[in-house]
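Please read the following briefing alongside the sequence and the coordinates, which are shown directly below. The points are grouped by topic.

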Amino acid sequence: MKGNSKRAFIMYYIFRTTPSFAFLPLRIALGLIFFAHGSQKLFGWFGGKGLEATALSFTEKFHLVPGILWASLAGGGEFLGAILLFLGLATRLAAFNLVLIMSVAILVVHRHAFFVHDGGMEYALSLWAGSLSLVVGGGGFFSLDRQISRRIGGAE
């Protein structure tokens, strides 16, 4: 492929989506959760610690060094990912980012606790599975992705 056709091909596959209505409630629910979690890490909203305290926690508890880098990546990825999920914009990329963040959370934070009362991985695993569903299906019928992919020239 040359120039614009290669770009259009890539853009189409980034924004393409299934025409299902089912992804809207999933996008909204995950968006709310990740918005709150990202805001807690970055800004201290919703009872969070803020970036510096989160970075210190990442370094001391989880040995993620430098803590400020990992806290910024996690908080920023969750916050931006949530906004993109709300809009249904670049849903597959946003959801893939969230799958990566939840994979790290499961492997680093919750690896020793499968289904236990405190610190179990079932919550992170649920967020991982919901995000993976959006990677597979895209933003759905009510998404900016659908509008963009239709303009690029793809049928659903």
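In this predicted model, F21, L24, I28, L32 and F142 make up a nonpolar patch on the surface, and their accessible area together is about 460 Å². Such a patch consists of residues with over 30% relative accessible area and no salt bridge, where nonpolar side chains (Val, Leu, Ile, Met, Phe, Trp, Tyr) are joined within 5 Å and like charges within 9 Å; accessible areas come from the Shrake-Rupley method with a 1.4 Å probe, and for residues only the protein chains shown count as cover.

**Basis of the values**
- Residues are numbered from 1 along each chain as its sequence is written, and side-chain values use heavy atoms, with hydrogens and water left out.
- Local features need pLDDT of at least 70 and side-chain atom pairs count only at pLDDT 80 or more, whereas totals for chains, interfaces and linings use all residues.

**Overall architecture**
- The protein has 7 helices and 0 strands, in the sequence order α-α-α-α-α-α-α, where helices (H or I, at least four residues) and strands (E, at least two) are DSSP runs numbered from the N terminus.
- Along the principal axes, the C-alpha atoms fill a box of roughly 50 × 30 × 25 Å.
- Of the contacts (heavy atoms within 4.5 Å) with a separation of 6 or more, 66% are between residues 24 or more positions apart.

**Surface and burial**
- The accessible surface of the protein comes to about 8,800 Å², and carbon and sulfur atoms account for 70% of it.
- Buried residues make up 38% of the 156 residues, with buried meaning under 20% relative accessible area, exposed over 50% and partly exposed in between (1.4 Å probe, protein chains only).
- L32, one of the patch residues, lies in helix α2 (residues 23-43) and counts as exposed because its relative accessibility is 52%.

**The salt bridge between E78 and K41**
- The structure holds 1 salt bridge, a term for a side-chain nitrogen of Lys or Arg within 4 Å of a carboxyl oxygen of Asp or Glu, and the side chains that meet in it are those of E78 and K41 (2.9 Å, N to O).
- Since E78 lies in helix α4 and K41 in helix α2, the pair ties together parts that are 37 residues apart in sequence.
- Both E78 and K41 are buried, and E78, found in helix α4 (residues 67-87), has a relative accessibility of 2%.
- Leaving aside neighbours within four places in sequence, E78 is in contact with F34, F35, H37, G38, K41, L98, I101 and M102.
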